[in-house]
Amino acid sequence: MDYFKHKTAIVDFDCQVGAGTKIWHFSHVMKNSKIGENCTIGQNVVVSPKVTLGDNVKVQNNVSIYTGVTCEDDVFLGPSMVFTNVINPRANVNRRDQFKRTYVSKGATIGANATIVCGNNIGKYAFIGAGTVVTKDVPDYALVVGNPARQTGWMSEYGHRLNFNSDGIAVCPESNQRYRLVEGKVQRD
């Protein structure tokens, strides 16, 4: 075993867990899930069957990642954020064949206590503010907040708000990476 598992954590048979990953107190990684290398799975986290997490994914405490969710590399899932996997759940109706997929792209951040309604995709390096309720797809580099989520700006890959000049160019103050806003979409220069 080339990953760390706290003695109170449970990792079911038939899981893949990458080297350097840490799984902390009272977490449960369920069968047929795949966790990449150098991930951190915080306390009291559930990774349901068939979930895929890329490399260097950070899952903070009290997060449940339900079947149908895929996270690419470098995704951050804030404390107590929520994924759903059924649009209209009922305790007395089995809808396991109706799970909807949710895809979280490379480098995205989902803030504490945010809710991602199933069937919606989060673009690369998007930033979902704390407490936000996502009910539709979020574009690459978008900053969204509120309930329901509304876009209020753009974010750099380093997590700084981008301020575009009249030529549609913005520079990240930390990395000096340049970004271009073209027809309502952001791309790295």
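**Close-up views of a predicted model**

**View 1. The largest nonpolar core and its residues I65 and F83.** The largest nonpolar core holds 44 residues, and I65 and F83 are those with the most contacts inside it. Strand 12 (69-71) and strand 20 (142-145) are the elements that give two or more residues to this core. A nonpolar core is here a set of buried Ala, Val, Leu, Ile, Met, Phe, Trp, Tyr and Cys residues joined through side-chain atoms within 4.5 Å, where buried means under 20% relative accessible area, exposed over 50% and partly exposed in between (1.4 Å probe, protein chains only). Strands (E, at least two residues) are DSSP runs, numbered from the N terminus. This is a predicted model, in which local features need pLDDT of at least 70 and side-chain atom pairs count only at pLDDT 80 or more, while totals for chains, interfaces and linings use all residues. Residues are numbered from 1 along each chain as its sequence is written, and side-chain values use heavy atoms, with hydrogens and water left out.

**View 2. The surroundings of I65.** Leaving aside residues up to four places away in sequence, I65 touches V46, V47, S48, V51, L53, V59, L77 and F83, a contact being heavy atoms within 4.5 Å.

**View 3. The cis peptide bond from N147 to P148.** Most peptide bonds are trans, but the bond from N147 to P148 is cis, with omega near -5°. P148 lies in the loop between strand 20 and strand 21 (150-154).

**View 4. The positive phi of D74.** Although D74 is not a glycine, its phi is positive, at about 65°. D74 is found in the loop between strand 12 and strand 13 (76-77), and D74 is partly exposed, with a relative accessible area of 31%.

Terms used:
Helices (H or I, at least four residues) and strands (E, at least two) are DSSP runs, numbered from the N terminus.
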